[in-house]
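Here are my notes on ring contacts and helix packing. Please read them against the model.

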Amino acid sequence: MALEQNWILPALIAIPFIAGLLCWLIEKVSDRLPRWIALIGMIITFALTLVLWQQGNFNTLLVTDAPVSGETLPWAAQFILPWIPSFGIKFHLAMDGLSLLMIALTAFLGIMAVGCSWGEIQRRVGFFHLNLLWSLGGVIGVFLAIDLFLFFFFWELMLLPIYFLIALWGHNATGGKTKEYAATKFFIYTQASGLMMLIGILLLVIIHFSHTGVLSFDYHDLLGIDLGGWEYIIMLCFFIGFAVKLPVFPLHGWLPDAHAQAPTAGSVDLAGILIKTAAFGLLRFVIPLFPNASAEFAPVVITLGMIGVFYGAFLAFAQTDIKRLLAYTSVSHMGFVVLAIYDGSLISLQGLMVQMIAHGLSSAALFIMAGQLYERLHTRDMTLMGGMWGQFRYIAPLLMFFSAALLGIPGTGNFIGEILILIGSFANHPIFVTLATASLVMAGLYSLIMIYRALFGQNTTLDLVKQNHGTLKDLGKRELALLLSLAIGLVWLGLYPQPVMDKSEGSMQWIASAYAHDVTMATEPKHGIRLIEGNMGDYMHAHHHELHGQGYDAGMHHHEGSDHHHDHDHSGHEHHHDHQTKQGE
């Protein structure tokens, strides 16, 4: 457990922040420099994830049937600094195989996002990259933070810049809704859900304090507390916080607007990465901290996920705007993610890992292509497009490939992810799996409708370009490089997913057994600050006479004077020791 301080972890978070700030400062000097700084910053971040990939020891496999505890968490690297010691808050980062893969995906798509906004963003270039990189830095923070307060801090930090990306550089929608409307809607949804999560975090910390007398926000300390009737309530607070971000069916209202009206880089960021933070949150926090409540709640969530799969697919049929269609496919695919998480068998969790990375790559690629079409035709309306197959040499086959990947053609990563999720979940949820399999037909339908409308039929490209003063050029070298690297990633995941599975196996196994057998509590909280001896009940018992004099209220918080330390009732003290040995056994 005792790992040395790994300085690469804070560097992963710091590099995007520093690069973003530099972009903004250099904006006055030139318009081209910020782009290069942002690109180099993201490439360095990606390189660091590869270094961690090489260094880390991810082979710690557990005894499968033993109950797990905070001691056996499969960290490969961690970093701890005191931050706000009086509240027991630390700057505590830790990384296992799951978060490493997610960070690698973030950094890779970060490079893509900077690349695809090279030609698209023309005004306030530096400020744009500041927002983009700070959002990415926040996401990496979310994947690494283990202290719940720090996690919440990064969670809010990653959402703020997206508001500006949509409001300042977005597109006004075809239906007349302004980009500010979409940005505000996104902001209100995410802030309200973040508030719910904060309430959950505080409740959890207070209950832990009343059990142990230690104030701690640390993940290791909070695992396995006996929450009694509060478990369900706190689990719901966390769940709502993540469900809005993931969009689980009734909470998805912000997604289509935000996606359709964000600039291309914003869409890549939203679809590829931000949605994954919610799945990560469910895996890292909701399932291990509240295993019983999660198991009870699972049928409800999976039902909502299945409704979402069909609902997203049906709405995707009806869209004419290509970006809105892609946004609804995201809602549809997240049903699979929910099924995998709440099924909780090792195979479905492994499939989830591949599915998240593949969905990140394929949806990012499709949003980039939608942006490229918009740059050329100045419209996103599919009813007006047509016949591009004969017009553009590279756009058409690439669009076809990524659509095929999205619907899960064997040979792409999406297929591996979906098939593993379905196989893994079949034992526990056969009916849901059958339904989900039927929904794959829908996925085929909306992908084919998109291809058919945009690429075949009457060639309207020339007229559109004339009408809207577009440009009739095929993909340039930069655009081709972006799309090909995404395509190579997808095919690699589809043909040889083993490295990804190996890296994430330890952490996924820990999560699966936490879900199946519960987590045992840490014997002595390591990371918090002890405010009172023993637990709250003993403390109140021991200080009964003082508390009585001044009303419980004043006494509960803190006593003046030195008798606080000496006047322990002997019985209270002994009781506290008993309490610990019981847990130790």
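1. One aromatic cluster is formed by Trp7, Phe79, Trp83, Phe91, Phe149, Phe153, Phe154 and Phe217. Rings of Phe, Tyr and Trp (its six-membered ring) pair if their centres lie within 6.5 Å. The model is predicted: local features need pLDDT of at least 70, side-chain atom pairs count only at pLDDT 80 or more, and totals for chains, interfaces and linings use all residues. Numbering runs from 1 along each chain as its sequence is written, and side-chain values use heavy atoms, with hydrogens and water left out.

2. The whole structure holds 31 aromatic pairs. In one, tryptophan 155 and phenylalanine 242 have ring centres 5.3 Å apart and planes at 85°, so this pair is edge-to-face (planes over 60 degrees apart; under 30 is stacked, the rest tilted). The pair links distant parts of the chain, 87 residues apart: helix H5 (residues 148-169) holds tryptophan 155, and helix H8 (residues 230-245) holds phenylalanine 242. Helices here are DSSP runs (H or I, at least four residues), numbered from the N terminus.

3. Tryptophan 155 is buried, at 0% relative accessibility. Phenylalanine 242 is buried too, also at 0%. Buried means under 20% relative accessible area (1.4 Å probe, protein chains only).

4. Helix H13 (residues 346-377) packs on helix H15 (residues 413-426) at about 155°, axes 7 Å apart. H13 is therefore roughly antiparallel to H15 (angles over 145 degrees). Axes are lines fitted to C-alpha atoms over the stretch in contact, and angles run from 0 to 180 degrees between N-to-C directions. Contact means heavy atoms within 4.5 Å. Among the contacting residues are Gly351 and Ala358 in H13, and Gly417 and Gly424 in H15.

How values were computed. Helices (H or I, at least four residues) and strands (E, at least two) are DSSP runs, numbered from the N terminus. Buried means under 20% relative accessible area, exposed over 50%, partly exposed in between (1.4 Å probe, protein chains only). Angles under 35 degrees count as roughly parallel, over 145 as roughly antiparallel, 65 to 115 as roughly perpendicular and the rest as oblique.
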